[in-house]
Amino acid sequence: MYHLRYNIGDWEYQCLDTLYVFSEDELNNYFNQLYPNGVDDYGVWKAFVNSLFDLFTNQLVEFSKTEIFKKNS
């Protein structure tokens, strides 16, 4: 059985990487489609990023309910 490890010191190999789902250009394109009038407001951008975070979180929750996830847990 696999156990989650929250502390990087718990891992034998502590290699980390970052996965960018969208490029900066793609994010700007999506943002500009939602706000076509050239909104330049950090609060609006932060709300946009938070909505993406919520979307990804919900998808992970849904994935955790699938058989393939259960087989590998």
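F56 is partly exposed, at 34% relative accessibility, in this predicted model. With L19 and V21, F56 forms a nonpolar patch on the surface, and together the three residues have about 320 Å² of accessible area. With F22 and Y30, F56 makes up one aromatic cluster.

The structure holds four aromatic pairs. One of them joins F22 and Y30 in an edge-to-face arrangement, with 5.1 Å from centre to centre and 75° between the planes. The angle is over 60 degrees, so the pair counts as edge-to-face. F22 is partly exposed, with a relative accessible area of 24%. Y30 is also partly exposed, with 34%.

Another pair is formed by W45 and F48, whose ring centres are 5.3 Å apart; their planes stand at 45°, so this pair is tilted. Both residues belong to helix 2, which covers residues 42–63, and because they are three residues apart there, about one helical turn separates them. W45 is partly exposed at 24% relative accessibility, whereas F48 is buried at 5%. F48 counts as buried because its value is under 20%.

| Residue | Relative accessible area | Class |
|---|---|---|
| F22 | 24% | partly exposed |
| Y30 | 34% | partly exposed |
| W45 | 24% | partly exposed |
| F48 | 5% | buried |
| F56 | 34% | partly exposed |

How values were computed:
Residues are numbered from 1 along each chain as its sequence is written. This is a predicted model: local features need pLDDT of at least 70, side-chain atom pairs count only at pLDDT 80 or more; totals for chains, interfaces and linings use all residues. Side-chain values use heavy atoms; hydrogens and water are left out. Rings of Phe, Tyr and Trp (its six-membered ring) pair if their centres lie within 6.5 Å; planes under 30 degrees apart count as stacked, over 60 as edge-to-face and the rest as tilted. Buried means under 20% relative accessible area, exposed over 50%, partly exposed in between (1.4 Å probe, protein chains only). Helices (H or I, at least four residues) and strands (E, at least two) are DSSP runs, numbered from the N terminus. Patches are made of residues with over 30% relative accessible area and no salt bridge: like charges are joined within 9 Å, nonpolar side chains (Val, Leu, Ile, Met, Phe, Trp, Tyr) within 5 Å. Accessible areas come from the Shrake-Rupley method with a 1.4 Å probe; for residues, only the protein chains shown count as cover. A salt bridge is a side-chain nitrogen of Lys or Arg within 4 Å of a carboxyl oxygen of Asp or Glu.
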